[in-house]
Amino acid sequence: MSEARGRDRLLTTGAALDAGPLLVIDRARGAFVWDEAGRRYIDALSGCWCVPVGYGRPEVVGRLAAQLRRVSYTPLDWRSHRPALELADALVEKAPKGLERVFFCSGGSEGVATALKLARLSGRSRTGDSRTVFMYRRGSYHGATLGATSVTGFEELRRGLGPLLPDTLEVEPPDCASCPFGASPERCGLQCAGAVEEAIKRLGPGRLAAMVAEPVAAAGRVQVPPAGYWPRVAAALRGAGALLILDEVLTGLGRTGRWFAAEHWGIQPDILVVGKGLAGGVAPLGAVLMTRQVSELFRSEPFAHGFTFGGHPASCAAALATLQLLGGLIGSVEARGSACVSCSSGVRELTARWPASAFWPAFRCGCPLSGAGSCASSRCKRGCCAASRRMPCNSPRR
Ligand SMILES: Cc1ncc(COP(=O)(O)O)c(C=O)c1O
């Protein structure tokens with residue numbers, strides 16, 4: 001089949017049908033991918049933030065293959081399989097305090113949709129109130145299902161899809177690089193946390209089911225919250241009897257130098273969602289971790305919710321191998337991240353040397369580059385952002 005013909009059949013994310021040919025990736029190894037013409041690229045996006053230990057790791061691929069040979073499918077209902085049981089243990093062992101049970105799904109969006117259902121069920125059962133409202137932050141991304149889109153704070157991702165879930169409430173994010181309150185970090189009085197408190201007050205008692213948020217906003221552009229933000233927000237939610245759903249689909253599993261970004265502030269979420277690189281990028285997998293209080297809802301009645309391929313045995317086996325490899329890498333993330341803070345020269349150097357179809361700076365540098373390869377903040381004066389503004393996305397240099 002000619003490339004033009006194949007292009008005509010395939011609808012993809014973020015590339016319009018008339019946007020020209022797609023980059024066809026033919027093989028991958030370590031941090032590199034090759035296109036069909038044999039050109040090599042450094043994959044600084046890690047696929048879609050989901051290949052945390054690199055492409056083609058024999059430990060991961062081998063474990064997945066062995067599991068497929070042993071039993072290629074078992075659902076998680078009244079049946080289960082050893083990799084899921086072991087993986088639930090491994091995740092709980094690494095998770096923030098209080099998260100004691102795990103529900104498996106196939107990815108982040110399913111995880112967030114699951115968390116929303118859990119929060120409403122839990123609200124009803126704990127307080128007897130009809131707690132239906134979800135709070136989310138402007139500029140946040142939490143997935144592509146209708147439920148997850150309803151708590152996603154990008155207007156362009158919501159446009160034309162309504163009515164989305166009613167009973168959602170958008171608040172401003174803690175965005176020190178471009179403060180929505182026009183304040184400076186030194187003397188802002190944490191207006192971003194205050195906005196959450198205010199919104200809860202305005203809503204009135206017994207209505208808020210949960211707030212869903214990334215501990216460090218990363219799905220739009222990276223926003224590390226100021227030190228006091230999370231303690232204040234977590235206290236406000238607790239005071240209102242609402243749950244905190246942390247979306248660690250991007251930030252979880254070692255990306256910030258801890259197993260979970262929540263650890264940086266000692267946050268204790270009620271529900272935590274992981275996905276992306278959980279299975280090393282070789283198979284789809286997501287997980288929803290929850291407190292005993294939330295999971296006890298299902299002591300005598302099952303959770304009437306699930307996904308056919310959620311917690312697939314091969315995905316869980318690959319995840320066990322991935323977690324083992326990540327355990328050996330986590331210790332060096334802080335040091336490598338710090339090195340990347342000098343990104344104004346480093347990123348420029350990299351962009352000069354490598355094709356830049358999918359360029360993203362190291363997480364820790366916090367530079368507001370957008371996924372489209374252009375700077376999300378026109379006010380940013382950093383060299384790497386200026387470099388990316390000049391660089392057309394998806395047009396690798398030949
Ligand atoms: C923070 C966050 N949550 C949820 C999702 C949805 O995950 P998935 O695309 O695997 O469904 C994403 C995907 O990019 C994400 O970045």
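The largest nonpolar core of the predicted structure comprises 91 residues. Within this core, Ile245 and Ile271 are the residues with the most contacts. Helix H11, spanning residues 313-329, supplies the largest share of the core, namely nine residues. Residues are contributed both by domain 1 (3-58 + 330-341 + 354-390) and by domain 2 (77-328), and the core therefore lies between the two domains.

When residues up to four places away in sequence are not counted, Ile245 touches Ala115, Ala119, Ala210, Met211, Val212, Pro269, Ile271 and Val273. Ile271, one of these partners, is itself named with Ile245 as having the most contacts inside the core.

Helix H11 also takes part in a helix pair. In general, two packed helices are described by the angle between their axes and the distance between the axes. The axes of helix H4 (residues 82-94) and H11 come within 8 Å and cross at roughly 40 degrees. The crossing of the two helices, H4 and H11, is left-handed. On the H4 side, the contact is formed by Pro83, Ala84, Glu86, Leu87 and Ala90. Their counterparts in H11 are Pro313, Cys316, Ala317, Ala319, Leu320 and Leu323.

Several backbone features were also identified. A positive phi of about 60 degrees is found at Trp49, although this residue is not a glycine. Trp49 belongs to helix H2, which covers residues 46-49. Trp49 counts as buried because it has 21 C-beta neighbours inside 10 Å, the cut-off for burial being 20 or more.

Leu253 likewise is a residue other than glycine with a positive phi, here near 60 degrees. Its position is in the loop between strand S8 (243-247) and strand S9 (271-274). Leu253 has 26 C-beta neighbours inside 10 Å and therefore also counts as buried.

A further backbone feature concerns a proline. The peptide bond from Gly162 to Pro163 is cis, with omega near 0 degrees. Pro163 is located in the loop that runs between helix H7 (155-158) and strand S6 (168-171).

Technical notes
Residues numbered from 1 in each chain as written. Predicted model: local features only at pLDDT ≥ 70, side-chain atom pairs only at ≥ 80, totals over all residues. Core = buried A, V, L, I, M, F, W, Y, C linked by C-beta atoms within 7 Å. Buried ≥ 20, exposed ≤ 12 C-beta atoms within 10 Å, placed from the backbone. Helix = DSSP H or I, 4+ residues; strand = E, 2+ residues; numbered from the N terminus. Domains from an automatic or database assignment. Contact = placed C-beta atoms within 7 Å. Axes fitted to C-alpha atoms, helices over the stretch in contact; angles between N-to-C directions. Left-handed = near helix turned anticlockwise from the far one by under 90°.
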